[in-house]
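Load the structure in a viewer and follow the stops below in order. Each stop says what to select and what is there.

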Amino acid sequence: MATANAKKKSSIFFDLKVMGPILALVVLVIVGAALNGNFLSAGNISNVLSRSAFIGIIAVGMTFVITAGGLDLSVGSMAAFIAGLMILVMNGLLPSMGPGWPLVMVGMLTAIVAGTTAGFINGFLITNMRIEAFIVTLGTMGIYRSLVTWLADGGTLSLDFGMRSVIRPIYFDGILGISWPIIVFAIVAITGELVMRRAAFGRHVAAVGSNDQVARYSSVNVNRVRMMTYVFLGILVGIATIMYVPRLGSASSSTGVLWELEAIAAVIIGGTMLKGGFGRVWGTVIGVLILSLIGNILNLTDGVSPYLNGAVQGVIIILAVILQRDKKAEG
Amino acid sequence: MTETLALTLTKICRSFGPVQVLHDVDITLIPGEVHALIGENGAGKSTTMKIMSGYLSPTEGTVTLNGAPVSFANSQAAEAQGVVLIHQEFNLADQLSVEQNIFLGHEKRRGLFLDKTTMQAETRALLQRLNCQVDPSARVRDIANADKQMVEIAKALSRNAKVLIMDEPTAVLTEREAEVLFEQVERLKAEGVAILFTSHKLDEVKRIADQITILRDGHMVSHGPASNYDEDQMAEAMVGRDVSSLYPVRAGSVGTEAALEVTGLSVPGFAQDVSFTLNKGEILGISGLIGSGRTEMMEGLVGLRSATGKVRINGAPVTIKSPRQAQAAGLCYLTEDRKSRGLLLNKGMRENLTLQCLPDFTNWLVDQKSEEKALTKAIEDFDIRAPTRHVAVGNLSGGNQQKLLIAKVMLADPNIVIIDEPTRGIDIGTKQQIYEFIHALSAQGKSIIVISSEMQEVIGLADRTLVMRTGRIAGEVSGADMTEDKIVRLAMGLDAQKEETV
């Protein structure tokens, strides 16, 4: 009896599905600290977190989309397109409004409206037109990427120099030494976790992803739930772009390349099921941190070339899925 | 004559962890005999069949084939020796053709390529042997359930099955389809195949079984030649108590006010111009063959399919375009397909119970405490037996899943509830409980529509029955007129009118 109890206890504490991502993160932090003294400095931590914020904010939205059984490949291109649009609008209104916060507000509003619209278009095509999410977002991914290249005429869209100094604080300042991107990321993540675990919407998202027929027969408006996940993701891409534009003050065809894959990878590392039905936002946050820590550690150490970043990330993603898969059924 | 095989289980025990589910089971399947294995859900029928066919190995005891002990490493090993299990849920690839399914994993080749001609010919021969008219190149998704069952059997025969084990072969078949199946079973029997099947339909068991083994809680409680049993004795042995009064006696009286009035309801492709009235506190039965549009009509009524027609609830006209609107009007539909439309099998009981009326438990955030309270109440009210509160619903037995599904729909507190196949694939003890729930609901003044393929069920439960045929209401029977004969005549379009006027 005692052994049975002990077994049960240990299975809760060492459940790899729950603890795996946290364990991996702890190992990475220990490795990082051992390899380089600067790793745990406030400067480096703040740098890593700020840089993860873009992908992180998007990945929280992606968690909902994937949990509902969907997918969005267009977020990277969408971010680039929104960044380009935001810069064009601000540059265009600069002569009439002058550099200052009202213009920044207009820029932000542009990003949010553009993100909402883009999410709505994806959602509309997927739910109302009944086209596979993979196909729809593969299409819009190409469209947005091409549009931003066209807007920039193959080069780079640069924000007016005067505006850059106005907008800079959004990325580089903060409260109590914590930068804005980190604060926004934290707010988005906490809200997302709460919605996923405790709100009716989160429950509906998991139900739709688990079996949309059951959801439909249970009076859940399946199309609306699906649509909302894409719209929320679009809004979050808009917010991420608002954080991103002040950092470089420019957008080009190479902005946001592969963000969609990093966001999806973070979601999967965090334990959300790719086929839908179960998602956890805190896992996604850990997934984002794992991915950016790998890059950071490779940059800080001499042993391994930073060019191998992608390879190490790839190995981690595959390992994460192997550790989290269900035991094969008998027979 | 090909060689025959006798399969014997001797003193078989099987445990899952600390739980022993089979105790000293002895069964012998003799060539040319049909053996029925009956018992309530969870009595150990599936485990027994899985041990016979190599899906599970026994913890103790031996399996012998023609007297020689065998131990199948897996189901493929059992199939190679001629022992084949046909699952209750069809194990067919929907998108592939009949022929492709039959030879799946055993394709015939000529050189590098598939030998289509031979496979086509063999498929045709196999189907002919089963007297089944289905086209070998038809896609499985397009053929009827009965034909799918035949394809499963043809597949088993193509693997040269000498021992055929069938898990509830008639659960998804109409009575006529089951009839065709029984003819084929007789034919196989004559060819010397040893057959074991399970069923909850005791009249069937009585009809086609030569031997009967009855399990209760993993013990063999009775076995012997089928001629020694009548249906009541079988039921009693299964349940361990008297179940001769399966259907409760009507307690309350039926109201005279109309709760639901449907006029000219049409669901394109399934139902045309259906009109009926349901009174307060009434139990209305809907009968008809599978495919007569019963389910689709009701799905149209509650907004799960597009439909036209007028609906009045308590005298007031309502527009229902979605299940949500139906629910708001006090009308709920309980699906016949609990596994793929009723419950989220990988979620817990709490999430499933409250899914339909989550807004009632939500005030910004979902109130998990009141959800837990609702679950406690549902477990009590509907006698749901689960190993723990957190078990994934897919691991509950069919009967408990059905009880949970009823609890889930009743949580929305509908005044009118449409229950589609309330007891499909459920043992007799749980059936009796569900019938009592239905009567209790009607006694509370709720109006209930029961759709069922089991005629006895409709007759036993309903105050009045509508019979559907090809999308239309073929007639209505009530009181002493509610007999199987009358219903069958209406359902099949025989001269029912003449009967009624007599």
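**Where chain A meets chain B**

Select the contact between the two chains: 30 residues of chain B and 22 residues of chain A take part. Keep in mind throughout that the model is predicted. The size of an interface is often given as the accessible area lost when the parts come together. Here the area buried between chain B and chain A is about 2,300 Å², with carbon and sulfur atoms giving 53% of that area.

Next, show the polar pairs across the interface of chain B and chain A. Ten residue pairs are in polar contact there, both residues being at pLDDT 80 or more. On the side of chain B that touches chain A, at least two residues each are supplied by helix H10 (323-328), helix H11 (338-342), helix H12 (349-354), strand E20 (365-366) and helix H13 (368-381) of chain B. H11(B) gives the largest share of that side, four residues.

Which residues form the one salt bridge across the interface of chain B and chain A? Select A:Arg203 and B:Glu371, whose closest N and O atoms are 2.8 Å apart. Then widen the selection to the network of salt bridges that links A:Arg203, B:Arg350, B:Glu371, B:Glu372 and B:Arg389.

**Salt bridges within the chains**

Over all chains, a search of the whole structure finds 25 salt bridges. Three further stops look at individual pairs.

Stay in chain B and select B:Arg341 and B:Glu299, whose side chains meet in a salt bridge at 4.0 Å, N to O. This pair links distant parts of the chain, with B:Arg341 in helix H11 of chain B and B:Glu299 in helix H9 (residues 294-301) of chain B, 42 residues apart. B:Arg341 is partly exposed at 25% relative accessibility, whereas B:Glu299 is buried at 2%.

Now select B:Asp142 and B:Arg141, a salt bridge with its closest N and O atoms 4.0 Å apart. B:Asp142 is exposed at 54% relative accessibility, and B:Arg141 is partly exposed with a relative accessible area of 43%.

Move to chain A for A:Arg197 and A:Glu193, which form a salt bridge of 3.4 Å, N to O. The two are separated by about one helical turn because they lie four residues apart in helix H9 (residues 180-198) of chain A.

**A nonpolar patch on chain A**

Select A:Phe120, A:Ile121, A:Phe124, A:Met129, A:Ile131, A:Phe134, A:Ile135 and A:Leu138, which make a nonpolar surface patch of about 730 Å². Helix H5 (101-127) and helix H6 (133-151) of chain A are the elements that give two or more residues to this patch.

**Buried parts of chain B**

Go to helix H1 (residues 45-52) of chain B. Six of its eight residues are buried, so H1(B) is largely enclosed by the rest of the structure. The buried residues are B:Lys45, B:Thr47, B:Thr48, B:Met49, B:Ile51 and B:Met52. Step just past H1(B) to B:Gly54, where phi is positive, about 85°.

Finish at B:Ser442 in helix H15 (residues 428-443) of chain B. B:Ser442 is buried, with a relative accessible area of 6%. Leaving aside residues up to four places away in sequence, B:Ser442 touches B:Arg250, B:Gly281, B:Ile283 and B:Ile448.

Note on methods:
Residues numbered from 1 in each chain as written. Chains lettered and ligands numbered in written order. Predicted model: local features only at pLDDT ≥ 70, side-chain atom pairs only at ≥ 80, totals over all residues. Heavy atoms only, no water. Patch = residues over 30% accessible without salt bridge, like charges linked within 9 Å, V, L, I, M, F, W, Y side chains within 5 Å. Areas by Shrake-Rupley, 256 points an atom, 1.4 Å probe, with all protein chains shown as cover. Contact = heavy atoms within 4.5 Å. Buried area = accessible area lost by both parts, 1.4 Å probe. Polar contact = N/O pair within 3.5 Å; in protein donor to acceptor, adjacent residues only side chain to side chain. Buried < 20%, exposed > 50% of the residue type's maximum accessible area, 1.4 Å probe, protein only.
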